[in-house]
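My notes follow in the order I took them.

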Amino acid sequence: MFLNRFDYKIDFMGKRSISMALSVLLMAVSIYSIFTQGLNLGLDFTGGTLVEVGYKEAAKLENIRKVLKENGFAEATVQNFGTSQDVLIRIGKHEESKDDPLSSQILRILQAENKDVDMRRVEYVGPQIGKELVEKGGLAILYTLLAILIYVAFRFEYRFALGAIAALIHDTVITVGLFSVLQLEFDLTVLAAILAVIGYSLNDTIVVFDRIRENFVKLRKQDSIKVMNTSINQMLGRTVMTSVTTALVLIVLFFVGGQLIHGFSIALLFGVIIGTYSSIYIASASALALGISKADLMPVQKEGAEQQEQL
Amino acid sequence: MNQYPTWKYLLIASVIFICALYALPNLFGEDPSVQISPAYARDMKINEQVQDRVEAKLKEVDISYTSIDRNPRQLLVRFKDTDTQLKAYTILKKALSEYVVAQNLAPATPDWLRSLGGQPMYLGLDLRGGVHFLMQVDMETAIRQDEETYIAELRSRFREKKLRYKGIHRVVDGNGGIMVTFSDLEVAAEAKKFIEKQYNDLNVQADEYSLYLSFTEKALKDNKEKAIEQNITTLRNRVNELGVSEPIIQRQGEDRIVVQLPGVQDTARAKEILGATATLEFRMLANDDDEFGSRLYKRRNGEPVKLKRRLIVTGDQINDAAATIDQRSGSPAAVVRLNSEGGKRMLQTTRKNVGKPMAVVFIEYQVETKYVDGKKIVNRSKTEEVINVATIQEEFGNNFQITGLTSREANNLALLLRAGALKAPMEIIEERTIGPSLGKENIDMGLLSIVLGFLSVMLFMWMRYKNFGMVANLALLSNVIILIALLSLLQATLTLPGMAGIVLTLGMAVDANVLIFEKIREEIANGNSPQSSIHIGYEKAFHTIFDANITTLIAAVMLFSFGTGPIKGFAITLSLGIVTSMFTAIMLTRGVINYFYGGRNLTKLPV
């Protein structure tokens, strides 16, 4: 089933124009969708009330909708959540009364209709909290990118750092784009997943960069493109293995982890795939486009030389 | 080549052993139990008498318990099943009404493990069920109320000092403040001097006939601090009423309070209680002869006290209270500051009653809304308790102190005096309630994901790297054990996303081993000997692993600083998992490989 060693000689860099075109297309679609359709933001960001209830048997959504409408909650959205017994009811902006919270009103209405209803979850997010989270979430992504840029610039050459950031922005935009195109619910856990994707994708990129740096010194006679190709091919075994193990656990999480973290596992799974692709193509190709060459790595050469002596 | 000194093997083995020990408490499950603890800010101890009362009561109704543990903070009675627990809870709640009696699921950690400090992980609300409220304190109203108190006070002080003013009012627009106008320039100047001397928390701006007073930056800050602290104190008092075993009431940011009540399902009732209003009353003790003008009250310990019906001062007339040391006797005391109205009434009363006892009554109003046949029925109940009786030593007005207390009592009394009412109104801006069934399901799904994720990665690693793969799997298993041990020791909150973080760590932690093993294969393919390939593989992969992990760590730390509850849980497990994986994937696997393959003459490697 497996080759003993992924001893490939794939000309990745030679096909970089194709991959660049593909990436630009994906990013364009993502950005277009984000601006036209927007995101299906979850309660965490929009504010509102959410009630999840469980029934003993399959729930009759029509009945629930009807009683809610009769009781003045015509705008409530009612849908199954995970199983046919579980029902999720969302209410957007509705006047919240201090003495009698909306969630209690909803539960009472449902209990009157069917006694066998079990409260599973209630969430209320005030409008000010939602706004804050949008702001804080955006800032968290920005700060993360910035901190990483500084770290990579410090550890590598700035062109590598820019390449890595290009890959990260690429991954973030396309993952958010997926949520926009498919109108999947974008909540706090998805945001957390995207930050984790940033960490993961960068991890991948750095491993490849490390090898490129090493090979620039080792394979002095070869041109930049060749060095990059060799490096990527050498690391391909590792890249594939790690992506597969990570993807495996995420698939498990998607199927077993429950409805609450579906969005989370989708974002991570997709992000890992995109991240793997970007660390192969986008990061290296960007560094190359910025004109990275052996000469830029002269200060690092010393470190590489030392390592060679050790051998 | 490739041999560790014995101490290194021992170090690795003992780290694993200790971690396994501290991960162990998570395997023992929980006992249904009833927890009895002192009500907040009341001077009660959980002593032998309490235990005796509990034991006697349970014996009386013939309920058997499996164990009973007592420490100064709580008494924990464990039962064999939840039915017995519920029965015992109902009875004990009635019998020990002055304590907080709560149903609880106590960790069934064996004693020997507990004595080593072992305890299971702390589960978040999304796993154990319960209510989370985020409350916003309305600071503007708090400041406005302060200004009004000052206006009342200034009015009477001006009168006292014969400083005739024309008008005094709150400035409604802009930054607020107080405007005092005079008809005489000299009086205005004198008043300015007076205020500057007496009130260092006020800024005074003079403009001919008028003075504009505003709180100094420091006073504003202090007032805000006080408002939020007092609200927290009030909330703590009220949570007592709910009988929650481990409530969390914490300040968040400048003007917010988080309330977490594990196990509470009835949010409507929780909201009612948290929003309840309480107050205080000062009354004289009744003599034996005024039968008609008196009423019977109860003290904290149940002892009856007869108080006069005539009210001296109420809680809303209390401006401030604090614990202090009496200047004359050097003993602890509680200072109380009343507003002008209250001060006047207090002066009148104390003038006539020197040497007589006065009582402080704590009154709590509760609103309970019930629905019977769809009709709303509101029950308002009132609880009254005498919290302190003290003898009047001399006449006093606005400022007085209550002595004859221990320093603890003085602190508590001051707290209760302040906690009588919410300093500033609050609004619930976020609520998250998780039902018990969902919490349980979340745990089950989380666990299943961890087990299945683990097995699939193990299988995959074994298929690709054979024996070396199994070494990586051993490292992975150790990683989970260490992670669980750390989470248990740190008592970091484990949430559902936190469990997802563990699963993700499983997938990512093998990366280090993949890097090392691929490098070893590469070196072998380059014609190196097996031993030197192992050596180079580990040496050269280290920098890459370190670099790569640091970046994920950066993302995790950012996530931690930004995230709320459940998300923080994810950030914690992810970052801990990364750090521990560095140890297991590098040191531990190296140790195992050195032990089995090091120093031998190998012709090929099972990698």
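This is a predicted model: local features need pLDDT of at least 70, side-chain atom pairs count only at pLDDT 80 or more; totals for chains, interfaces and linings use all residues.

Entry 1: I began with a strand pair. B:Ile248 has B:Gln260 in E12(B) as its bridge partner. The two strands involved are E11(B) and E12(B), residues 256-262, and they pair antiparallel over five bridges.

Entry 2: I looked for the join. Strand E5 of chain A, residues 117-125, meets E21(B) through five bridges, and the two run antiparallel. I noted one facing pair: A:Val125 is opposite B:Glu430 in E21(B). As background, strands of a sheet pair through backbone hydrogen bonds.

Entry 3: E3(A) and E4(A) are antiparallel, with five bridges joining them. How many residues lie between them in the hairpin? I found one residue between the strands. A:Gly82 sits in the turn and has a positive phi of about 80°. A:Phe81 has A:Thr83 in E4(A) as its bridge partner.

**Entry 4: the interface in totals.** Next I took the contact between the chains. Chain B gives 71 residues and chain A gives 75 residues. Together they bury about 6400 Å², with 65% of that on carbon and sulfur atoms. B:Phe460, B:Asp547 and B:Phe562 supply 11% of the area chain B buries against chain A, more than any other three residues.

**Entry 5: polar links across the interface.** I counted 17 residue pairs in polar contact between chain B and chain A, with both residues at pLDDT 80 or more. I then asked which elements of chain B give two or more residues to the side that touches chain A. The strands are E6 (130-137) and E21 (426-434). The helices are H9 (267-274), H12 (436-490), H13 (496-525), H14 (530-562) and H15 (565-597). H13(B) gives the largest share, 17 residues. By class, this side of chain B has 39 nonpolar, 16 polar and 16 charged residues.

**Entry 6: salt bridges.** How many salt bridges are there between chain B and chain A? I found eight. Over all chains, the search of the whole structure returns 36 salt bridges. In one of them, the side chains of A:Glu132 and B:Arg256 meet at 2.6 Å, N to O. That pair crosses between chains, from helix H5 of chain A (residues 127-155) to strand E12 of chain B. I also logged A:Arg238 with B:Asp511, where the closest N and O atoms are 2.5 Å apart. The general rule I had in mind is that side chains of opposite charge can pair when their charged atoms come close.

**Entry 7: a sheet within chain B.** Last, I checked another sheet. It is open, with four antiparallel strands of chain B in the order E2-E3-E1-E4. E2 (67-71) and E4 (100-107) of chain B are the edge strands; each has a single partner, so one side of each is left without a neighbour in the sheet. The twist averages 25° from one strand to the next. E2(B) pairs antiparallel with E3 of chain B, residues 74-78, over five bridges. B:Ile68 stands opposite B:Val77 in E3(B). Helix H3 of chain B, residues 82-95, lies across E1 (30-37) and E4 of chain B. I read about 155° between this helix and E4(B).

Technical notes
Residues are numbered from 1 along each chain as its sequence is written. Chains are lettered from A and ligands numbered from 1 in the order in which they are written. Side-chain values use heavy atoms; hydrogens and water are left out. Contact means heavy atoms within 4.5 Å. Buried area is the accessible area (1.4 Å probe) that two parts lose on being put together, summed over both. A salt bridge is a side-chain nitrogen of Lys or Arg within 4 Å of a carboxyl oxygen of Asp or Glu. A polar contact is a pair of N or O atoms within 3.5 Å; within protein, one must be able to donate a hydrogen and the other to accept it, and residues adjacent in sequence count only if both atoms are side-chain atoms. Ala, Val, Leu, Ile, Met, Phe, Trp, Tyr, Cys and Pro count as nonpolar, Asp, Glu, Lys and Arg as charged, and the others, Gly among them, as polar. Two strands pair if DSSP finds at least two bridges between them. Axes are lines fitted to C-alpha atoms, for helices over the stretch in contact, and angles run from 0 to 180 degrees between N-to-C directions.
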